[in-house]
Amino acid sequence: LITKHREGQDCNIDDLLTFCNHLQILTTDRFDDTERESTPKISRFFKTEFIPKFMDHTNNFYLKYGEKLFSELTPFEYIKNIKNEMNLEKIRVDKYIHPNISPEVHVIIQKTCINPHISFFIQDFSCMLNESRYCDVKFLYDIIRERDDVNTQLKSIFHTFMKRVIIECINKLGTYETISPINFINTLADIFCHYDQLVIYAFGGDPLFQEAKNSAYNYAINNCFDETPRVQNSSKIMAKFIHVLLTQYPEACHSIRNQTYFVNLIRALEHIENTDIFKASVIELLAQRLLNKTSISYQAELEVVKLLGEKLNEDFICEMDKMIIDVQENKMLNNSFITISSPYAPLHPYINILTSTAWPYTHLSDINLPCEITTMYKEFEEWYIDRFNGRRLKFLDHLTRVVLEISFTNKSISIDVSGFQASVLILFQSSNSLSFFTILKETSLEHKMLGITLYTLVEAGLLMCSFNINEHNISDIPSLAVFSLNRGFDSQNQCVTIPHPINIETKVVEFENTGGFDINLTTQVSSVFIFQAAIVKIVKHNKVLDRQVLIYHVLD
């Protein structure tokens, strides 16, 4: 009767049910009076005679059933049929035998119909993921989730799949140099949402697959853009994301911790392996916003700093807080100085006082400035030291911005340049042309830095040179090379901004770490002393640093 019912043949199911019910109370044992009064139990005959034979019969039946069905169907069609048969068998066993028997029957079907073909199902699992057949993924997982060894294999496949798909998705956005930080974070948010839901839907939130998912996030975020993982450009893009929001998106700077933009950013930051690079980039860009006055608001800056401190538990928020406080206090300081130093008011000076332990800047080179500026510097320094006893000032002329009014042939134009560039241009107030040696002597700039400064002015069209100066020969400018002011310079704008001297020399810098491997990176450097200054600055802040962490900081 059982075989007929399993094979779908006509049989009287009521007879089968009646038979099994009677069988369970049938007894051939003798009882004493005490036993007769006790609660009736399933008969020994049913447990020791019928159930073992039923299990043996079930095992033989599904062994043949599975072999025949697997030869006729694809692996996925087969497993669907077996899943359906499992449900039917449970209904049958619960109805005409006993519900306690169902788990044992389930194990038998698992061993006879699923385990022999497990390798085929694992192979099909990859296809399901690649074809986004998530219903099928869920179905397969439900069937074989009790097999720990199989789950481990599925986890490995799922992990590899996610790493590949996420990196492909991110790399489609562009290269590190061209990618939009907004698009990058929004894409990561979409990825998080999609695969978070997938793990819950297909794997029931299984911790094993949650771990695989998070590991894939970590790998993809720290290895995208086909870069060495030690560079971690994604950290820099996340820092740029904050920079873009705080300079271009006023609507995103209200109730920051509730903004979707920042919620997505914090989620992405959870997967950054080394926050040192992120920290350095955030501080550098904050410094740019504060000094260039491009930040939407100081309040928004403080909110972002507080949010990063809460989520990342980083001590660098103290430095960032101090940077913002410095800028806020500078306005009052400058007003006080101009009040007592009215002769300098026509120069429209504005001096930023930067706490050396907080800002990412180091003094590079002293230069010779016009006497008006030098006198103002000295007077300001005396006034400041008198006001704040114990502090010492060091002017960072390479960061200074100067607006010069220059009369060209066609018209006068305001030129916004760096302190180094201004020190060179001012020399042409009294001379039409100057040799490289003369400029070097008058400005006291370091030879290489002067070459870079002159190159940027020639590139901008402000100066002309008798020597064919280019980015490859700035260290080889002859002492007798003559530079002259381009009187024919013209611009549609009344004010022209010349960028800071850029780092233009390409070198391969090699570091060998104690682990025995080499890091070969092509980096933009302007001079060896920049490396020296960076190392001194970093060690001054951190006191003790692992060699590899120091390399991260210096290269960044």
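Guide: A contact here means heavy atoms within 4.5 Å. The model is predicted, and local features need a pLDDT of at least 70, side-chain atom pairs count only at pLDDT 80 or more, and totals for chains, interfaces and linings use all residues. Residues are numbered from 1 along each chain as its sequence is written, and side-chain values use heavy atoms, without hydrogens and water.

Visitor: How many helices and strands does the protein have?

Guide: Helices (H or I, at least four residues) and strands (E, at least two) are DSSP runs, numbered from the N terminus. The protein has 22 helices and 8 strands. Among its contacts with a separation of 6 or more, 66% are between residues 24 or more positions apart.

Visitor: What share of the residues is buried?

Guide: Buried means under 20% relative accessible area, exposed over 50%, and partly exposed in between (1.4 Å probe, protein chains only). Of the 556 residues of the protein, 45% count as buried. The accessible surface (Shrake-Rupley method, 1.4 Å probe) comes to about 29300 Å², and carbon and sulfur atoms supply 52% of that surface.

Visitor: Which residues of helix α13 are buried, and what covers them?

Guide: An α-helix has 3.6 residues a turn, so residues three or four places apart point the same way. In α13, residues 260-269, the buried ones are Phe262, Asn264, Leu265, Ile266, Ala268 and Leu269. Their cover includes α10 (181-203), α11 (207-223), α12 (233-248), α14 and α15.

Visitor: In what order do the strands of the open sheet lie?

Guide: Strands of a sheet pair through backbone hydrogen bonds, either parallel or antiparallel. Here, two strands pair if DSSP finds at least two bridges between them. The open sheet has 3 strands in the order β1-β2-β6, and its pairing is mixed. Its edge strands, β1 (401-407) and β6 (495-497), each pair on one side only. From one strand to the next, the twist averages 25° (axes are lines fitted to C-alpha atoms, and angles run from 0 to 180 degrees between N-to-C directions). Strand β2, residues 412-418, runs parallel to β6 and is joined to it by 3 bridges. Isoleucine 415 faces valine 496 of β6.

Visitor: Where is serine 132 found, and where is lysine 293 placed?

Guide: Most residues other than glycine have a negative phi. Serine 132, although not a glycine, has a positive phi of about 55°. Serine 132 lies in the loop between α7 (118-130) and α8 (134-144), and is partly exposed, with a relative accessible area of 45%. Lysine 293, also not a glycine, has a positive phi of about 55°. Lysine 293 sits in the loop between α14 (275-292) and α15 (298-312), and is exposed at a relative accessible area of 54%.
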